[in-house]
Amino acid sequence: MVTPRTLSGFKDRLPKEAYAKSQMLKSIVESFEKFGFTPIETPHLEYAEILKKQGSDEIQKEMYRFLDHGEREVALRFDLTIPLARFIAQYKNEVGLPFKRYCIGNVFRGERAQKGRYREFTQCDFDCIGTDSIGADVEIVQVIYQSLFDLGLRDFTIHINNRKIFNGLMESLNASEHTIEVLRIIDKIDKIGKESVKQELQSKTPLNLDSITMLLDFIAKAQKGSVLEFLKELDSFRELNSTLKNGIDELSTLCKILEPLIPAKFYKINLSIARGLGYYTGIIYETTLDTLPSLGSVCSGGRYDNLMQHFCKDSLSGVGASIGLDRLLSGLEELHLIQSDKNVADALLIPLHSLEYGYKVAQNLRNQKLKIEMYPEITKPKKSFNYANKKGYKYVIIIGKEEEQKNTCTLKNMENGEQFNHLQLEAVMHTIKA
C-alpha cells in the first residue's frame, strides 16, 4: 500500500476552500474585463533557456528544471512575467500593441517551505505592454482599486512611488552604481528599524553619514494634506537632476488624472516602497489592507522597461501588477468578506421514492437558475440528512411518494428546523432565493 501524502511545500485544497478561492477569482476576472484586459494562458513548462538567467540569483537556485523524455532541458515557470515576455516576442504581430492581458496560473519555486509560503502557488497578473503612456499606469491603479472594491473591501491603501526618485537621489550623490545595494538595505527598514539600517549603510556602502541621513530623512517624509499638496513639497528636489524631475513629474501627472477617478482615501504617495530593485524602472505600487497591516502587500507591481531584451531587439515598456491570491483570500476570510464554508449548490434534493422523478425535479429547479445537488440514491432519511448536515446545507428538498403524486415538494430549513409541506416548485424557488 502507498501512503497517501503530499510533498513538502505543496498542498491540497478541500472543496470549501477551493470554492471560496474560485468565487474570489470570478470577481477579480470580472473586474479585469471591465477595463478590456483579455486572458492568455502559457504552459507550466518552458525550455530551460527561456527561464535561465531571469529573475534574481535566489530564484534561479529555486527553479525546478530537469530533462524530459526527449532529453530536452525544461523548467517549471517560477512567475508569469518571463512567459509573458516570450509570448509577446512570438505573437506581438497577432495580438497587436499596446496589449492588455491578464493571466492566472500556478508557478513553482523550490524555496524553503514554511507557514503561508508554498513551493506551488497561484499568481494573478495583469499588464499593459507596448506603451510608455502614463495612462497605462493610471489604469493599473484603477484595476487594483476596482478588484479590491468589488470583493467588498472598503479599508485598503494603494501605496505609490516612482523608482526614478530614488535613482535620482543616488545620482545626485554620485553613487548610482550602488543604487541596488543601498535599496536592498533600505528595504529592511520596517523589519530592523531606521538606526540599524543607518549602521548597515555605513558599514556596507561608500555613502557618508550626511548622505545616509539625507536619504533616510527623504524617504521618511510623511504625506501631509492631499497627494497633490504633498507632491508640491518635493518641488525643490526637481532641480537636482533630470531623473528626479521626471520621477516627480510622472507621479504628479498620475495623481492629477487619478483625483476624479478614485476616492482620495484609497491611495497615497509612499516614498519608502522600493520594490523590484533592478526590475522596476518607473512608477511602483504596493497595496495593504488597513485593518490587517501584518498581512503585508496583497497587490503590487510597477512599470518596467526592456521586457523583451532577452528575446528580441525590440525595446518594449510595460506596466502591471500581481494580486497575491492566497494572501488576499486569508484576509477576506478573516474580515468575513468571503465564506469558505459556503456550499456550491443552493439546496440538496433528497428523493425518498423515485430517482427518476427526483432527477426531473432537480433539473426543473436548475432551469430556474437554482443550483441543486441531487442525493444519488434512495436510502433511509437519516443517512441523507446526515449528509446534508455534514455539508452544511441550509435547505433540503424532500420528495416522497405523496409529493410525487401531487407534483409538489417538502422544503426543510436545516438551521431552524422549519418545514414547508407540499410546496409548488415556484414557492420552493422563492423561499430559497429569499
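Modeller: Happy to! A nonpolar core is a set of buried Ala, Val, Leu, Ile, Met, Phe, Trp, Tyr and Cys residues joined through side-chain atoms within 4.5 Å, where buried means under 20% relative accessible area, exposed over 50% and partly exposed in between (1.4 Å probe, protein chains only). This is a predicted model, in which local features need pLDDT of at least 70 and side-chain atom pairs count only at pLDDT 80 or more, while totals for chains, interfaces and linings use all residues. Residues are numbered from 1 along each chain as its sequence is written, and side-chain values use heavy atoms, leaving out hydrogens and water.

The largest nonpolar core holds 75 residues, and Phe-126 and Ile-160 have the most contacts inside it. Helix H5 (residues 134-150) contributes the most to this core, with nine residues; helices (H or I, at least four residues) and strands (E, at least two) are DSSP runs numbered from the N terminus.

Now look at Ile-160. Leaving aside neighbours within four places in sequence, its contacts (heavy atoms within 4.5 Å) include Val-141, Leu-251, Tyr-267 and Ile-284.

Next comes Thr-157, found in strand S7 (residues 156-162). Thr-157 is buried, with a relative accessible area of 10%. Not counting residues up to four places away in sequence, Thr-157 touches Lys-265, Phe-266, Glu-286 and Asp-290, among others. The side chain of Thr-157 also makes a polar contact with the side chain of Asp-290, at 2.8 Å. Such a contact is a pair of N or O atoms within 3.5 Å; within protein, one must be able to donate a hydrogen and the other to accept it, and residues adjacent in sequence count only if both atoms are side-chain atoms.
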